[in-house]
Amino acid sequence: MTLEPLTLNSPGTAAPQVDRFRYDNAIVRNFAIASVAWGLAGMLVGLIAALEMVMPSLFLWDGIPFLSFGRIRPLHTNAVIFAFVGNGIFMGVYYSLQRLVKAPMYSKALSNIHFWGWQLIILSALITLPLGITTSKEYAELEWPIDLAIAVVWVVFGLNMILTIMNRRERHLYVAIWFYIATWVTVAVLHIVNSMALPAGLFKSYSVFAGVQDALVQWWYGHNAVAFFLTTPYLGLMYYFMPKAANRPVFSYRLSIIHFWALIFIYIWAGPHHLLYSALPDWAQSLGTVFSVMLIAPSWGGMLNGLLTLRGAWDKVQSDHVLKFMVVAVTAYGMATFEGPMLSIKSFNAITHFTDWTIAHVHVGALGWNGFLTFGILYWLVPRMWRTEIFSAKLANVHFWLGTLGIIFYALPMYWAGWTQAAMWNEFGEDGRLVYGNFLDTVTQLIPMYWTRALGGTLYLAGVFVMVYNLVKTAYAGKFQAYEEAEAPALAKEEPAHNANGRREYWHRWIERRPLQMLFWSLILILIGGIVEMVPTFMVQSNIPTIASVKPYTPLELQGRDIYTREGCYTCHSQMVRPFRSETERYGEYSKAGEFVYDHPFQWGSKRTGPDLHRLGGKYPDSWHYNHMRDPRSMFEQSLMPSYPWLLKDKLDISTTPAKIRTMQALGVPYPAGYDELANEDLQKQAEKIAAGLRETGVENAVADREIIALIAYLQRLGTDIKAEPTK
Amino acid sequence: MYKDVLRSISDVSLYPVVAILIFFAFFVALIVYVLRMDKTQVRDMASIPVLDEPVVTGHPSTPNTQIR
């Protein structure tokens, strides 16, 4: 291989010495393989989850705890976000960073610790989530020991990245690197704050936040996980790989600077749009809406910058499969970021929230933006690192069409389902009553859409298999180059105070050259939004209209609540009745902030595949719950709910009760001192009472020490406190 | 109830005004900066990714190092 002389971009350096070094491609290859392998697994789990919704009683998964929808849905989301996209980020960062700074990664050991550490974390998620070990905070379900491991590995990644940047031979930090730095620092902050929890055992912890605050922190995290894990790093990759693939510089470098600062500043404020019409204070909801609507400007600025990079090269899009994938990816980004602000407008959100519309929205982002950009990069990267041509451009085109059709077949029926749900939930008849008072009527209507969605997912997944075959064949035809020789002039120590034209330098150019300052100012910028929204909400906590009749859960209810979170009930059921007539009519009194003060963590949910449960308590007899949990289809033939026969068989582990009570006390839940040792006594009394009641009402084999009893206790408590007379 | 909390801060009505001024000042400064940036520098910076690799003969998407 011949080396072309590399040009130096920094003016004012005199007779620099030329360094020779080697780029590490092996780490890039490893992350690429991991991204694809975990991607296949994550998408397959998604497909299984989709099929469970249309065939809930299929023997393959019905009644098997590890395959239950509530447990594998978090596995699907975590696998796609952190395993598929996560490894995709690292693949792109490790490839582009070395070349953008003209230096190899600082430490091969750190690279490898990062790689294997991340894979171990994914593996532990793969084991713990199906076991029901979960915090129940969406996209942050992993329990505290894994959270600690994530923090450590993330620091390793950041250290390796920053030290590599410090060792650079290119003075200017290209815009992609800014996105990498902002990603790193923001994800670190989000992860630490949202994961704050007190352990009540090795595999169990309770969020330090409760109710409204927990919801705000969670969706500040949840929204910004989308922003800073699924978006900003991928924008960095777009700014690197799109110019590469199109063989021309980005459309406007000036626009990219504005894009960067505007995006990271505005994004961090938008989280509360996930909680519109909830018990979150109004001002926080309004802030979320305003910033979400503003987000369209930087988002579309970035999208246009990506698309216009192809100026004068649109003919290439017809023939170059890499560009095809990238164009659809950036277009999907544009669609999702138009839709996001629209969904944040309260009147529109009132319709779409809790419906399948949200599922369509996130999949346009995940399948289109993240998926297609990853595929485009892989098609560009693999032939390059294996020093060969793509095995079959035709097959890549087949993948492109399978994937594109997959996205359409996924998203369109889900949009349709979302509208259908909203229309049916809100329809009143002439008699002033809900036309579809039975929630199930609104569910059965969606089955054709759910089938089409599963078809879309199958097409998309089939496309990925085609890609794997194509890339493996490509790799076999070529020879992998683990280390790529390169050379560049060393960076001169002194920096010119003036640029080549003698003009004085500006502050931004100064910051562009200093990774640590960039990191610091990015951090400040993202902290502003988080602090402004959260601190007042936390101060307000003491002013949350305390409802005197709201009392801590009994030990049995607490154990039942933990079963509720373990089984992932929140993935299909909300506990947040919004103040709409259609909801108060259907569910009862709307939810108040003061009702959730002992909810560590909150269980408001984000999706109603089944009905809201906040006012479930006292609605049905215990025996109804018992039979319904055993086999929902014995009560409603068309129910989509998984059955939970193991709850009737498995004994409740009450050895954990004292530790759980103590943890709750540490979090401020007012159990009397020393109650941890007495709790099990109360627990057993309450369980005996429920079991006896069940036996009286025809459930002859009801036993007090089973998990189902605790769950029934919790379900019967839900939303009942405000109905009780306040005790003085 | 949150209104009570906000009301208890003295001169709280100034806060949104200050906030929007800072916000606008930041973006105005940013726009002024990018508009005043040196053309050749912008071109240099934008070309970093297309110039960072040696030529691989025969590869369709190999960047042309003569682009400058």
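Biologist: At what angle do α25(A) and helix α26 of chain A pack?
Modeller: In this predicted model, α25(A) and α26(A) (residues 707-717) pack at about 90 degrees, with their axes 10 Å apart. Axes are lines fitted to C-alpha atoms, for helices over the stretch in contact, and angles run from 0 to 180 degrees between N-to-C directions. Helices are DSSP runs of H or I, at least four residues, numbered from the N terminus.

Biologist: How are the two oriented to each other, then?
Modeller: α25(A) and α26(A) are therefore roughly perpendicular, a term for angles of 65 to 115 degrees.

Biologist: Which residues make that contact?
Modeller: Gln686(A), Ala687(A), Ile690(A) and Ala691(A) of α25(A) meet Ile709(A), Ile712(A) and Ala713(A) of α26(A). Contact requires C-beta atoms, placed from the backbone, within 7 Å.

Biologist: And how close do the axes of α19(A) and α25(A) come?
Modeller: The axes of α19(A) (residues 555-566) and α25(A) (residues 675-696) come within 7 Å and cross at roughly 80 degrees. That makes α19(A) roughly perpendicular to α25(A).

Biologist: Changing topic, what is the mean pLDDT of chain B?
Modeller: The mean is 71, and 62% of the residues of chain B reach 70 or more; pLDDT is the predictor's confidence in each residue, from 0 to 100.

Biologist: Where in chain B is confidence lowest?
Modeller: Helix α1 of chain B (residues 2-7) is lowest, at a mean of 60, whereas helix α3 of chain B (residues 39-46) is highest, at 88.

Biologist: What conventions apply?
Modeller: Residues are numbered from 1 along each chain as its sequence is written, and chains are lettered from A and ligands numbered from 1 in the order in which they are written. In this predicted model, local features need pLDDT of at least 70 and side-chain atom pairs count only at pLDDT 80 or more, while totals for chains, interfaces and linings use all residues.

Terms used: Angles under 35 degrees count as roughly parallel, over 145 as roughly antiparallel, 65 to 115 as roughly perpendicular and the rest as oblique. Two residues are in contact if their C-beta atoms, placed from the backbone, lie within 7 Å.
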